[in-house]
Amino acid sequence: MNTLRVALDGPAGAGKSTVAKRVAAALGVAYVDTGAMYRAITWKALQKGIELHDEVALTELADSIHIDFKPRSVGQAVFVDGEEVTDAIRSFDVTNNVSAVSAVSGVRVAMVKLQQDIAARTGVLMDGRDIGTVVLPNADVKIWLTASVEARAQRRYQELLGKGIACDFEQIKEDIQRRDDYDASREHSPMVKADDAVVVDTTGMSIDEVIAQIETICHSAQ
Ligand code: C5P
C-alpha cells in the first residue's frame with residue numbers, strides 16, 4: 001500500500017468528501033472522513049440527550065465511543081458502537097449541532113489521537129478542518145479545498161433537491177456561513193489553512209477537474 005499521507009482541509013460544502021474518496025482510491029491509500037467522526041459523536045450525544053454545553057459528558061462520550069468505517073460499493077458506511085449511522089449523521093439536526101460539539105477540547109483530543117493512530121499504520125488521505133495544521137502537520141501533501149460560499153450553497157442545494165428534499169437556498173447559504181464562522185473562530189484548533197497548503201479553488205470547476213488537479217499535486221509529491 002502507498003504510504004503517502006495527504007491532508008485535505010477546507011470549509012463546509014467544498015466537495016472534500018466526494019473528491020477525497022475518489023483520489024484516495026486512485027492513490028491506493030485509506031480514506032478517513034474526520035468530519036464523519038465529529039458527526040458521529042454529535043449524533044450519539046443527541047441520542048443520549050447530552051446537553052451540548054456539557055464538556056465533561058461530551059469528553060467522556062468521545063473517550064468511550066467506537067466509530068468504525070466499512071467500505072461500501074459507493075463510499076463508506078459509518079458505525080457508532082455497532083449501529084449504522086451513515087445517513088443519520090447527515091441529518092439537519094446533526095449538521096446544525098456538530099460545530100458546537102467539535103469545539104470541545106476533550107472531544108478534539110480524543111479524535112485527533114484516533115486519527116493520528118490510523119495515519120501511523122497506513123497511507124491516508126484525511127479530510128477535515130485541522131488535518132494539515134494539527135493532526136498531520138508533517139503530511140506529504142497539504143491541500144486547502146475551497147469555493148465561494150455561493151457555489152458551495154448551490155451544490156448543497158442541488159444535492160438536496162436531487163434527493164427530493166425540500167430546502168431553501170438562502171437558508172442553506174446561511175447555515176454554511178454560520179458553520180464556517182464557528183469552525184474558524186473556535187479556540188481549539190480552529191479551521192485555518194496551513195501555511196504550506198496548496199489552495200484549490202473549485203468555484204466553477206467540475207468534480208472531474210478538481211480530482212485531476214489534486215491527483216497531479218499528489219503525484220508530484222511521490
Ligand atoms: O466535513 P464535515 O462538514 O462533515 O464536518 C462536520 C463538522 O465537523 C465541521 O463543521 C466541523 O465543525 C467539524 N470538524 C472539525 N474538524 C475536522 C473535521 C470536521 O472540527 N477535522
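Analyst: Phenylalanine 169 counts as buried, because its relative accessibility is 16% and the cut-off for buried is under 20%. The model is a predicted one.

User: Why does tyrosine 157 count as partly exposed?

Analyst: Tyrosine 157 has a relative accessibility of 22%. Buried requires under 20% and exposed over 50%, so tyrosine 157 is partly exposed.

User: What makes the pair of tyrosine 157 and phenylalanine 169 edge-to-face?

Analyst: A pair of aromatic rings is described by the distance of the centres and the angle of the planes. For tyrosine 157 and phenylalanine 169 the centres are 5.8 Å apart and the planes stand at 80°. Rings pair if their centres lie within 6.5 Å, and planes over 60 degrees apart count as edge-to-face; the pair is therefore edge-to-face. The structure holds one aromatic pair. This pair links distant parts of the chain, with tyrosine 157 in helix 7 (residues 149-162) and phenylalanine 169 in helix 8 (residues 169-185), 12 residues apart.

User: How do you know that the charged end of lysine 70 sits over the ring of phenylalanine 79?

Analyst: The charged end of lysine 70 is 4.4 Å from the centre of the phenylalanine 79 ring. The criterion asks for a distance within 6 Å, together with a position within 35 degrees of the ring normal. The charged end of lysine 70 is accordingly assigned as sitting over the ring of phenylalanine 79.

User: How do you know that the length of helix 2 agrees with its number of residues?

Analyst: Helix 2 (residues 34-48) has 15 residues, which at 1.5 Å a residue should span 21 Å. The end C-alpha atoms are 22 Å apart, so the two values agree. At the start of helix 2, a side-chain oxygen of aspartate 33 comes to within 3.2 Å of the backbone nitrogen of glycine 35; the cut-off for a polar contact is 3.5 Å. Glycine 49, with a positive phi near 70°, follows helix 2.

User: Which residues have the most contacts inside the largest nonpolar core?

Analyst: The largest nonpolar core has 37 residues, and those with the most contacts inside it are Ile41, Leu58, Ile67, Val107, Met111, Met126 and Leu136. Helix 2 gives the most to this core, with seven residues. Methionine 111 touches Met37, Tyr38, Ile41, Ala62, Ile65 and Ile67, residues up to four places away in sequence being left out of the count. Another core, of 20 residues, lies apart from the largest one and includes Val19, Leu125, Val210 and Ile211.

User: Cysteine 218 and glutamate 209 both need an assignment. What makes cysteine 218 buried, and why is glutamate 209 partly exposed?

Analyst: Cysteine 218 has a relative accessible area of 0% and is therefore buried. Cysteine 218 lies in helix 9 and touches Leu4, Val6, Leu27 and Val141, not counting residues up to four places away in sequence. Glutamate 209 lies in helix 9 (residues 207-220). With a relative accessible area of 44%, glutamate 209 falls between the limits of 20% and 50%, so it is partly exposed.

User: How do you know that serine 99 is buried?

Analyst: The relative accessible area of serine 99 is 6%, under the 20% limit, so serine 99 is buried. Serine 99 is placed in helix 4 and touches Arg179, Tyr182 and Asp183, not counting residues up to four places away in sequence.

Methods: Residues numbered from 1 in each chain as written. Heavy atoms only, no water. Helix = DSSP H or I, 4+ residues; strand = E, 2+ residues; numbered from the N terminus. Expected span 1.5 Å × (residues − 1). Polar contact = N/O pair within 3.5 Å; in protein donor to acceptor, adjacent residues only side chain to side chain. Core = buried A, V, L, I, M, F, W, Y, C linked by side-chain atoms within 4.5 Å. Buried < 20%, exposed > 50% of the residue type's maximum accessible area, 1.4 Å probe, protein only. Contact = heavy atoms within 4.5 Å. Phe/Tyr/Trp six-rings, centres within 6.5 Å; stacked < 30°, edge-to-face > 60°.
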